[in-house]
Amino acid sequence: CQLRMDDSRVHTNTAQQILAVDAKYNAYRCPTNPSFRTLYLRRRTQVLQERANDEVLDPSARRDYVKVRQQILAKKYGLSETRSRASSRHSLSLQSHQSFDSLHVAIGDSPRGSSPRINRRQISSNSFSKLIDTDERKPHVVPTSAARASRSFRLQIHSVLLCVRVVLSVRAMAGDTTLAENYAFAGMHYIFDKHSEAVTVIKFSPNEKTQLACCSKDGTLSVHALSPGPPTLICTLKGHKRAVTDFDWSVDGDFIVSSSLDQTARFWDAQSGKCLRFMEERNGCELLCCLFQPVNNNLIVTGSIKSQIQTWNVSTGKAIKGGLGKTAGAVKALSVDSSGTTLWCGDDKGSIFSFIFNVTSGRVQRAKRYVVCPGQPITCISNRSWMTREARDPSLLVNARHDALMLFRICPDGTLEMKRHFPISHSRLNIRSAFCPLMSFREGACVVTGSEDMCVYFFDVARKTCVNKLQGHSAAVLCVCWNYDESLLASCDEEGTVIVWNREQ
């Protein structure tokens, strides 16, 4: 067991080294497109995390990969190691004048026995290199106790400067901006108000950042292309006889599944708007939510008003035997983890249920129940496998009708631990929220949510503060969503208006 833990640490350290190599050369990758650089590092981090526990590659192979990768990148961008280090020192000098004017570091064991406060203006890379090398240039001098204390003092300064350089590098990779600056918006990109009733859910295509779909209580869905050129309506999906309560995109973005109060779920071609499959609930249950199985898109899950979840086979349009699960109340929210093996359900009694999901057969088995807010409906559940580089535990983001947005940590044994509680106006409608997708190299992670006070709120998970608020809707904001690179944010309201916001680049 100890050997396996040691191997895990080695793999994690190697993954960090690989990421550091990519980050060092990231400034030279598409220098005119910072959004692409951020997205590249995000994707790179996800891949490294997925391969961290791969037992096929031994540590020596990983270390060899780091060396080869560094050589390839240096050759590709024409950068020698000496030039790269010089560039790093120059970058540190420039950025420290901009970002660390108020930095003071208390350091003990000074040569005179005091603890002087060192301002960053007293230290530069050139003067420090001379300071460190002083003793090394005099090898024949016998060190005294004062000299040893002096060297200890200089080594502490060296440690502080290395920490500063790490912080500056992280800020540089994130665009050298704060969270509030990252989530500043330049204005409205598109306003759509053609639905005659409330737009309840909006989602961007998972692999097309300018394609947006929405569903409405008027019984229709619409798919929009936001670029190139002026935003246009691609198609309207008509077929449901009552309000559409939820929908989801397939992983490839080609298909959409929707649920409705008319007791049916429909499978659509997202480009033509044609209904390809029709699935009817035989027990007379109104369907309140639905989603695709992320690992097996031939399976979908629906949640009904009669306290049931049901797995369906899209190819046959039939309910799967063993795919029925029961909850305490009407199922209003569904979410599944990235592996597809754990299904989370929220009901109108204030409980969250977890089910073990067989991705091959579609069978479900109830695992645990958590009473989050007794008697208050759960209106949205979002799952995230990890929040930041530091917080690697999976998380659930939950909206409930008791004026709060809640963030839970999913413990290794499958239990939920409350981590954050954000106050919002939420007491009568189905409000939804979302994780902000880009989080790898920022100062922390953010979440965004609608609210009944007609605003969109952005919360810093680490500091529990609101970093931004968007005002533009004239009714309660029911749902919010990002496209995958966070260049666009969409929000919809109770009056049927959809606003697409441009994030400042």
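This passage describes the overall make-up of the chain, one of its helices and one of its sheets.

The structure is a predicted model. The chain contains 7 helices and 30 strands. It has 505 residues, of which 50% count as buried. Its accessible surface amounts to about 24100 Å², and carbon and sulfur atoms account for 52% of that area. Where contacts in the chain join residues at least 6 apart in sequence, 51% of them link residues at least 24 apart.

Helix 3 spans residues 59-77 and comprises 19 residues. From the first C-alpha to the last, helix 3 reaches 27 Å, close to the 27 Å expected at 1.5 Å a residue. Its buried residues are Arg62, Val66, Arg69, Leu73 and Ala74. These residues lie on the same side of helix 3, because they cover an arc of only 125° around the axis. Lys67, Gln71 and Lys75, on the other side of helix 3, are exposed.

An open sheet is formed by 4 strands in the order 8-9-10-11, with antiparallel pairing. The edges are taken by strand 8 (244-249) and strand 11 (275-280); each has a single partner strand, so one side of each is left without a neighbour in the sheet. From one strand to the next, the twist averages 20°. Strand 8 pairs with strand 9 (residues 255-260) in the antiparallel sense over 5 bridges. Within this part of the sheet, tryptophan 249 has isoleucine 256 of strand 9 as its bridge partner.

Definitions and conventions. Residues numbered from 1 in each chain as written. Predicted model: local features only at pLDDT ≥ 70, side-chain atom pairs only at ≥ 80, totals over all residues. Heavy atoms only, no water. Helix = DSSP H or I, 4+ residues; strand = E, 2+ residues; numbered from the N terminus. Expected span 1.5 Å × (residues − 1). Buried < 20%, exposed > 50% of the residue type's maximum accessible area, 1.4 Å probe, protein only. Arc of directions from axis to C-beta. Contact = heavy atoms within 4.5 Å. Areas by Shrake-Rupley, 256 points an atom, 1.4 Å probe, with all protein chains shown as cover. Pairing = 2+ DSSP bridges. Axes fitted to C-alpha atoms, helices over the stretch in contact; angles between N-to-C directions.
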